[in-house]
Amino acid sequence: MNAPFGETGALGPSAVLWLAPIIGFAFGWFLERGGLGNARKLAGQFYLTDLTVFKVMFSALLTAMLGAYWLDQFGLLDLQLVYLPETFVAPQAVGGVLFGAGFLVSGLCPGTSCVAAASGRLDGLAVVGGMLAGVFAFNLAFGWIEAFYDSTALGAVTLTDLAGVPRGVGVAVVTVLALGGFALAARIERRVK
């Protein structure tokens, strides 16, 4: 299939390099405008009092997933050219637990901490400092943890690959789950108010 958006897109490699920071700044601006640079708003996620984060992130996930799937179906995008990182079950599970613990303790994730820091919030600056310290510590310790880091490799797989179902089935299931999640989130928020 010859999709019009190849490895560097229809714009070419230099335009893609210029476009990336513009998209990054726009993403940060929208996060800030949505209040997601505020740790209290993100903490509301864990207390089930404000599910804005869930709704924003799942809206973005759903939009990207449906867009990529249908662009591929119409031959406008070749999903085989989209980079899919390899799966390493145990180290990624540990990383997910550490990420979740950091999110829970700080009330900020990496993206929202950068937004909070750029907005001049001290908690955001502290989280960014903690992330940089974590990166430094990881690099210092890498020789000791390299075997674990490379363990339980599955290769570049998707959930639909593991389940043995067509990609369209996975897209449909995630869409239904997300819509159900949106309805449940609205019901929870109504109950809280």
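Biologist: How many helices and strands does the protein have?

Modeller: This is a predicted model, so-called local features need pLDDT of at least 70, side-chain atom pairs count only at pLDDT 80 or more, and totals for chains, interfaces and linings use all residues. Residues are numbered from 1 along each chain as its sequence is written, and side-chain values use heavy atoms, without hydrogens and water. Helices (H or I, at least four residues) and strands (E, at least two) are DSSP runs, numbered from the N terminus. The secondary structure comes to 8 helices and 2 strands.

Biologist: In which pattern do they follow along the sequence?

Modeller: Read the elements in sequence order. The pattern is α-α-α-β-α-α-α-β-α-α.

Biologist: What share of the 193 residues is buried?

Modeller: Buried means under 20% relative accessible area, with a 1.4 Å probe and protein chains only. Of the 193 residues, the buried share is 24%.

Biologist: Which residues of α2 are buried?

Modeller: Helix α2 spans residues 39-46. Its buried residues are Ala39, Leu42, Gly44 and Gln45.

Biologist: Which helices do the buried residues of α2 pack against?

Modeller: Contact means heavy atoms within 4.5 Å. The partners of these buried residues are α3 (52-73), α4 (89-106), α5 (110-118) and α6 (122-149).

Biologist: Which backbone nitrogen does Asn38 reach at the start of α2?

Modeller: Asn38 uses a side-chain oxygen. That oxygen comes to within 2.8 Å of the backbone nitrogen of Arg40.

Biologist: Which residue with positive phi follows α2?

Modeller: Its phi is near 60 degrees. The residue is Leu48.

Key. Buried means under 20% relative accessible area, exposed over 50%, partly exposed in between (1.4 Å probe, protein chains only). A polar contact is a pair of N or O atoms within 3.5 Å; within protein, one must be able to donate a hydrogen and the other to accept it, and residues adjacent in sequence count only if both atoms are side-chain atoms.
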